[in-house]
Amino acid sequence: MPRFRTHVCQVTAVTFLPNRSRTYEPSERVLFPLPTEIDFSNADGLLPLIMAQARPRAGRPPRLVVLDLTATRFMDSQGVRLINGVRRLLEPGTRVYVVARPESLAGRVLELTGLRRDIPVYDNLPEAMAA
C-alpha cells in the first residue's frame, strides 16, 4: 500500500473590509514600506524612522499608520517587537495596519505570534489604505 505524505497547516485569516463611509485627507495616513529583512541588525534603527514619519502634522497626529511588509522576505521576533513598539509609542487614536501577504514569512510570523489577532493585517496595500 503506497504511503501518502500530507502536510496540514491551519491558518486563520481575518479579513478587514475597507470602510468607505469616511474619507480622509492624505496627510491623515502614513505609509511606511519596511525593508526586505527585519532582524536585530536593523530593527532598532527602524523605530525612530517610523515615528518620525508618524509625528503630528499641523498639530494633529495621523489617524492611520500602515506598515508595509510586502517586500519583507525575512522577519524574526525583532519585527514583532518593532510593530508592538510602534503601537505603544503612537499618539492615542492613531491606528496601525500591517500589510503582509498571507503566504509570506512575515505573514506567518504575525500569525504564529498572535499579532495578527491584535492588529488588522491586510493582504494588499490598496485594501489597507482604503480601510
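What follows is a chat about how the terms apply to this predicted model.

Student: What makes up the secondary structure of the protein chain?

Tutor: It comes to 5 helices and 6 strands. Along the sequence they follow the pattern β-β-α-β-β-α-β-α-α-β-α.

Student: How do you know that β1 and β3 pair?

Tutor: Two strands pair if there are at least two bridges between them. β1 and β3 (residues 64-68) are joined by 5 bridges, so they pass that cut-off. They run parallel. For instance, Leu 31 stands opposite Val 66, and Pro 33 has Asp 68 as its bridge partner.

Student: And what makes β3 and β5 a pair?

Tutor: Again, 5 bridges, in the parallel sense, link β3 to β5 (residues 95-99). At least two are needed, so this counts as pairing too. Asp 68 turns up here as well: in β5, its bridge partner is Val 99.

Student: In what order do the strands of the open sheet come?

Tutor: The order is β1-β3-β5-β6, with parallel pairing. β1 (29-33) and β6 (121-122) are at the edges because each has a single partner strand, which leaves one side of each without a neighbour in the sheet.

Student: Why is β3 called largely enclosed?

Tutor: Buried means under 20% relative accessible area. In β3, 5 of the 5 residues are buried, so the rest of the structure largely encloses this strand. Both faces are covered: Leu 64, Val 66 and Asp 68 are buried on one side, and Val 65 and Leu 67 on the other.

Student: How much of the protein chain counts as buried?

Tutor: Of its 131 residues, 40% do.

Student: Now Arg 29, in strand β1. Why is it said to have no salt bridge?

Tutor: A salt bridge needs a side-chain nitrogen of Lys or Arg within 4 Å of a carboxyl oxygen of Asp or Glu. For Arg 29, which is buried, the nearest side chain of opposite charge is Glu 28, 6.2 Å away. That is beyond the 4 Å cut-off, so no salt bridge is counted.

Student: What does the side chain of Arg 29 reach, then?

Tutor: It reaches the backbone oxygen of Ala 131 at 3.3 Å.

Technical notes:
Residues are numbered from 1 along each chain as its sequence is written. This is a predicted model: local features need pLDDT of at least 70, side-chain atom pairs count only at pLDDT 80 or more; totals for chains, interfaces and linings use all residues. Side-chain values use heavy atoms; hydrogens and water are left out. Helices (H or I, at least four residues) and strands (E, at least two) are DSSP runs, numbered from the N terminus. Buried means under 20% relative accessible area, exposed over 50%, partly exposed in between (1.4 Å probe, protein chains only). Lys and Arg count as positive and Asp and Glu as negative; His and the chain ends are not counted. A polar contact is a pair of N or O atoms within 3.5 Å; within protein, one must be able to donate a hydrogen and the other to accept it, and residues adjacent in sequence count only if both atoms are side-chain atoms.
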